[in-house]
Amino acid sequence: RGAHLFCMNRKTCKPQAVARLSHFASRNAMDIDGLGDEIVDKMIAAGLIHDVADFYQLTADDIAGLDTGRTYASSNSKKGVKKGDPIPVGLKTAEKIIAELNKSKSQPLGRVLFALGIRHVGKSVGEVIAERFLSIDKLILASEEDIAEVTKRCTKGGAEVVSFLKTGSAYYAPGASIAKMVEAILTDSKEVLSVCAYIDGQYGL
């Protein structure tokens, strides 16, 4: 049982970024079909996404031209492709991904908390926190102790949630704003504007 080694550079480590953003889209999190590791990697490489909010700024055209990593096995003059040319995602698949992103906005708060990749907050813990605080604005106002008591865990869980809400840029690329993420994910929530105003005003993000 040798030592476990971890890259501590959360902000700019590409493998961590791919894992974090792929986790957000995974089935047990936001359940966004079509956003696996490979396409997320391509999106990062193309500069299309840096944090989870960027998913919701994508257009079908942004996605359609991305390289799938596969190549054409033969030439096709009608399609204007040659053997060995890279196969793009294509508009049809891209439109399906956009539809999945829009559908994901209806996911409950517990799933969003789990999807954001907050340390010590798994799927069940996210659901418990959501059941207790009901909305993101109430959660933001909660103390470490309040959250730790609800989850019946050590104070690490509460500390990580509070730290994440205050300084999400420690998890995401420099300049990332938790307010922007919340606004992008919970577009249909009536509480979004007040939540974002509170975070920006309180923490200067």
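User: Axes here are lines fitted to C-alpha atoms, for helices over the stretch in contact, with angles from 0 to 180 degrees between N-to-C directions. At what angle do the axes of α1 and α2 cross?

Analyst: This is a predicted model, in which local features need pLDDT of at least 70 and side-chain atom pairs pLDDT 80 or more, while totals for chains, interfaces and linings use all residues. Residues are numbered from 1 along each chain, and side-chain values use heavy atoms, without hydrogens or water. The axes of α1 and α2 cross at roughly 125° and come within 9 Å. Helices are DSSP runs (H or I, at least four residues; strands are E, at least two), numbered from the N terminus.

User: Which residues make that contact?

Analyst: Lys14, Ala17, Val18, Leu21 and Ser22 of α1 meet Asp37, Val40, Asp41, Ile44 and Ala45 of α2; contact means heavy atoms within 4.5 Å.

User: Which residues of α1 are buried?

Analyst: Ala17, Val18, Arg20, Leu21, Ser22, Phe24 and Ala25. Buried means under 20% relative accessible area, exposed over 50%, and partly exposed in between, with a 1.4 Å probe and protein chains only.

User: Switching to the largest nonpolar core, which members touch the most others?

Analyst: Phe24, Leu35, Ile39, Met43, Phe55 and Ile63, out of 46 residues. Such a core joins buried Ala, Val, Leu, Ile, Met, Phe, Trp, Tyr and Cys residues through side-chain atoms within 4.5 Å.

User: What does Met43 touch?

Analyst: Leaving aside residues up to four places away in sequence, Met43 touches Leu35, Leu48, Ile49, Phe55, Leu58, Ile63 and Leu66.

User: And Ile136, buried or exposed?

Analyst: Ile136 counts as buried because its relative accessibility is 8%. Ile136 lies in α7.
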